[in-house]
Amino acid sequence: MTQKVAVLGTGKIGEALLSGMIGAGWAPADLLVTARRRERADELRARHGVTPVTNAEAAKNADTLILTVKPQDMGTLLDELAPHVPADRLVISGAAGIPTSFFEERLAPGTPVVRVMTNTPALVDEAMSVISAGTHATAAHLTHTEEIFGAVGKTLRVPESQQDACTALSGSGPAYFFYLVEAMTDAGILLGLPRDKAHDLIVQSAIGAAKMLRDSGEHPVRLRENVTSPAGTTINAIRELENHGVRAALIAALEAARDRSRELASGTKD
């Protein structure tokens with residue numbers, strides 16, 4: 001792989017991408033990074049062998065720019081980059097809620113932009129990254145983006161109109177599972193288990209259930225039914241979940257996340 005790739009604003013997700021790319025065969029010499037603090041840049045160089053540069057140097061020298069700064073900082077970054085980004089550079093945005101048109105309006109006409117919504121399991125190479133093409137991005141640009149983000153997990157192409165829904169489902173998704181584990185751990189303590197034992201029971205159950213969902217090919221309803229014996233413990237628990245409106249609450253929560261993603265896209269901050 002000979003293309004130079006620059007990760008701008010290299011936080012935890014950006015560093016996970018670097019690590020994954022190196023593991024997938026990218027040469028550290030072909031990877032550039034920018035960071036707000038000099039200490040952070042030096043840390044990335046020491047840990048991964050990559051080259052710290054300024055944002056302007058990244059724009060001039062890299063074939064692909066991956067922008068991983070926070071959404072509220074993206075406008076300022078683009079103002080800095082715009083004079084230095086030729087129209088043949090591939091720009092990949094990892095900022096939640098910001099449409100490709102935001103970048104296309106601020107960069108040279110014809111600049112290819114790809115929007116990606118990844119999630120924090122990138123830190124353990126189990127990310128779900130959702131990829132959408134901007135106006136000028138080609139199939140080759142999408143394939144290249146898949147090669148990069150495929151180094152830290154699974155990728156999926158969707159129309160950009162579906163990005164807000166994907167943000168609600170997978171971008172924010174890990175937090176819902178952490179929240180559920182937190183609640184189940186508290187329940188385990190209430191039932192008389194020590195916290196560490198309750199945690200281990202729930203985490204291993206979650207790992208096993210996720211693998212069954214991924215590998216069995218069975219519908220989740222069928223998998224649930226396989227655990228649910230007539231007049232047994234599971235059906236009593238399911239009844240209480242339904243009585244308390246857990247299904248409806250999840251649907252409402254995901255709609256709220258989707259709506260907030262739309263607000264971010266429109267520039268609403270509060």
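Predicted model: local features only at pLDDT ≥ 70, side-chain atom pairs only at ≥ 80, totals over all residues.

Histidine 199 belongs to helix α9, and its C-alpha atom is separated by 8.3 Å from that of glycine 188, eleven residues away along the chain.

These two residues lead directly to a helix pair, for histidine 199 and glycine 188 both take part in the contact between α8 and α9. On the side of α8, the contact is made by Val181, Met184, Thr185, Asp186, Gly188 and Ile189, and these meet Arg195, Ala198, His199 and Ile202 of α9. Sorted by class, the residues of this contact are five nonpolar, three polar and two charged. Two packed helices are described by the angle between their axes and the distance between the axes. For α8, which spans residues 173-190, and α9, which spans residues 195-215, the axes come within 9 Å and cross at roughly 130 degrees. An angle of that value makes α8 oblique to α9, and the crossing of the two helices is right-handed.

Helix α8 also packs against α7, with an angle of about 35 degrees and axes 5 Å apart. Here Ala168, Leu169, Ser170 and Gly171 of α7 meet Gly173, Pro174 and Tyr176 of α8, and the contact comprises four nonpolar and three polar residues, with no charged residues.

Helix α7, residues 163-171, packs with helix α12, residues 246-266, at an angle of about 130 degrees, and their axes are 8 Å apart. That angle makes α7 oblique to α12, and the crossing of this pair is right-handed. The residues that α7 brings to the contact are Asp164, Ala165, Thr167, Ala168 and Leu169, which meet Leu254, Ala257, Arg258, Ser261 and Arg262 in α12. Five of the residues in this contact are nonpolar, two are polar and three are charged. Ala168 and Leu169, listed here in the contact with α12, are also listed in the contact of α7 with α8.

Seen as a whole, the protein chain has twelve helices and eight strands, and its C-alpha atoms fill a box of roughly 70 × 40 × 35 Å along the principal axes. Of its 270 residues, 36% count as buried.

What, then, makes up the largest nonpolar core? This core has 25 residues, and those with the most contacts inside it are Ile66, Ile92, Val114 and Ile148. At least two core residues each come from β1 (5-8), α1 (12-23), β2 (31-34), β5 (90-93), β6 (113-117), β7 (127-133) and α6 (139-149). The greatest contribution is that of α1, which gives four residues. Beyond its neighbours up to four places away in sequence, isoleucine 66 touches Val5, Ala6, Val7, Leu8, Leu17, Ile92, Ile148 and Phe149. Apart from this core lies another, of 21 residues, among them Leu8, Val53, Leu78 and Ala95.

Most residues other than glycine have a negative phi. Aspartate 125, in the loop between β6 and β7, has instead a positive phi, near 60 degrees, and with a relative accessibility of 42% this aspartate counts as partly exposed. Alanine 231, likewise not a glycine, has a positive phi of about 60 degrees. Its place is in the loop between α10 (220-227) and α11, where alanine 231 is exposed, with a relative accessible area of 78%.

Helix α11 itself covers residues 233-243 and includes threonine 233. Is threonine 233 buried or exposed? Its relative accessibility is 70%, so threonine 233 counts as exposed. Threonine 233 lies 16 residues from glycine 217 in sequence, and the C-alpha atoms of the two are 26 Å apart in space.

Technical notes:
Residues numbered from 1 in each chain as written. Heavy atoms only, no water. Core = buried A, V, L, I, M, F, W, Y, C linked by side-chain atoms within 4.5 Å. Buried < 20%, exposed > 50% of the residue type's maximum accessible area, 1.4 Å probe, protein only. Contact = heavy atoms within 4.5 Å. Axes fitted to C-alpha atoms, helices over the stretch in contact; angles between N-to-C directions. Parallel < 35°, antiparallel > 145°, perpendicular 65-115°, else oblique. Left-handed = near helix turned anticlockwise from the far one by under 90°. Nonpolar A, V, L, I, M, F, W, Y, C, P; charged D, E, K, R; others polar.
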